[in-house]
Amino acid sequence: MEQHECLTHTENWVKDVIMKYNICPFARREVERASIRYVAIEETKTKAVLKALIEECKYLDSHPDTETTLFILPRGFEGFYPYLDLVDYATDELIEQGYEGVYQLATFHPDYCFEGEPQDSAANFTNRAPYPCLHIIREASMEFALANYSDPESIPERNIAFAERKGSDFFIQLLQHCTK
């Protein structure tokens, strides 16, 4: 697969799933502002991915008009459990590099499964994406957005209820459509 394809597929997912169905109520503004950066990382080794992650944080440091980055991992982390290990390492690396309180990670994976949920639960689709991704979020922006959003604690519950109402097949079709 070519790099531009996974970028396009991920951008389609953000627009046609996340924004369209209001999974993230803060996405529309950033899509309309074109302030989301999509970066596909060809590295497959954890150490190299972590180095690229920190380089992306440095990019965000020097580009304040870029609100957020979807750090896409099209190869090497297809398995959900190795991906979760990467998430742990990435979180530790952010802390080690002095980015605690500056950036946080949101996680998305094609096989995302919440702890305690069956693999086929529709609720898992709130965090399923065409490719494994680390979403690098500016903490200050997130704090501002949450402070200006009525009842932010209800977002996950609302999303899970929506996913369960629509069902897994609905989301499977949506994700397939994003990659066409």
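Predicted model: local features only at pLDDT ≥ 70, side-chain atom pairs only at ≥ 80, totals over all residues.
Mentor: A residue is called buried when its relative accessible area is under 20%, exposed when that area is over 50%, and partly exposed in between, with a 1.4 Å probe and protein chains only. Residues are numbered from 1 along each chain as its sequence is written, and side-chain values use heavy atoms, with hydrogens and water left out.

Trainee: Why is Ala 34 called exposed?

Mentor: Ala 34 has a relative accessible area of 66%, and because the limit for exposed is over 50%, Ala 34 counts as exposed.

Trainee: What makes the phi of Ala 34 worth a remark?

Mentor: Most residues other than glycine have a negative phi. Ala 34 is not a glycine, yet its phi is positive, at about 55°. Asp 151 is another residue other than glycine with a positive phi, near 60°, and its place is in the loop between helix H5 (139–147) and helix H6 (154–166). At 43% relative accessibility, Asp 151 falls between the two limits and therefore counts as partly exposed.

Trainee: How do you know that the side chains of Glu 32 and Arg 28 meet in a salt bridge?

Mentor: A salt bridge is a side-chain nitrogen of Lys or Arg within 4 Å of a carboxyl oxygen of Asp or Glu. For Glu 32 and Arg 28 the distance from N to O is 3.8 Å, so the pair meets the rule. Both residues lie in helix H2 (residues 27–33), four residues apart, about one turn of the helix. Glu 32 is exposed at 59%, whereas Arg 28, at 40%, is partly exposed.

Trainee: How many salt bridges does this rule give?

Mentor: The count comes to seven. One of the pairs joins Glu 30 and Arg 33 at 2.6 Å, N to O, and these two also lie in helix H2, three residues apart. Arg 29, Glu 30 and Arg 33 are linked in a network of salt bridges.

Trainee: Why is Glu 30 called buried, and what is Arg 33?

Mentor: Glu 30 has a relative accessible area of 9%, which is under the limit for buried, so the term applies. Arg 33, at 41%, counts as partly exposed.

Trainee: What makes the salt bridge of Glu 42 and Arg 75 a tie between parts of the chain?

Mentor: The two side chains meet at 2.6 Å, N to O. Glu 42 lies in the loop between strand E1 (36–40) and helix H3 (46–62) and Arg 75 in the loop between strand E2 (68–72) and H4, so the pair ties together parts that are 33 residues apart in sequence. Both are partly exposed, Glu 42 at 39% and Arg 75 at 29%.

Trainee: Which residues touch the buried Ser 168?

Mentor: Contact means heavy atoms within 4.5 Å. Not counting residues up to four places away in sequence, Ser 168 touches Asp 120, Ser 121, Ala 122 and Phe 125. Ser 168 lies in helix H7 (residues 168–178) and, at 17%, falls under the limit and therefore counts as buried.
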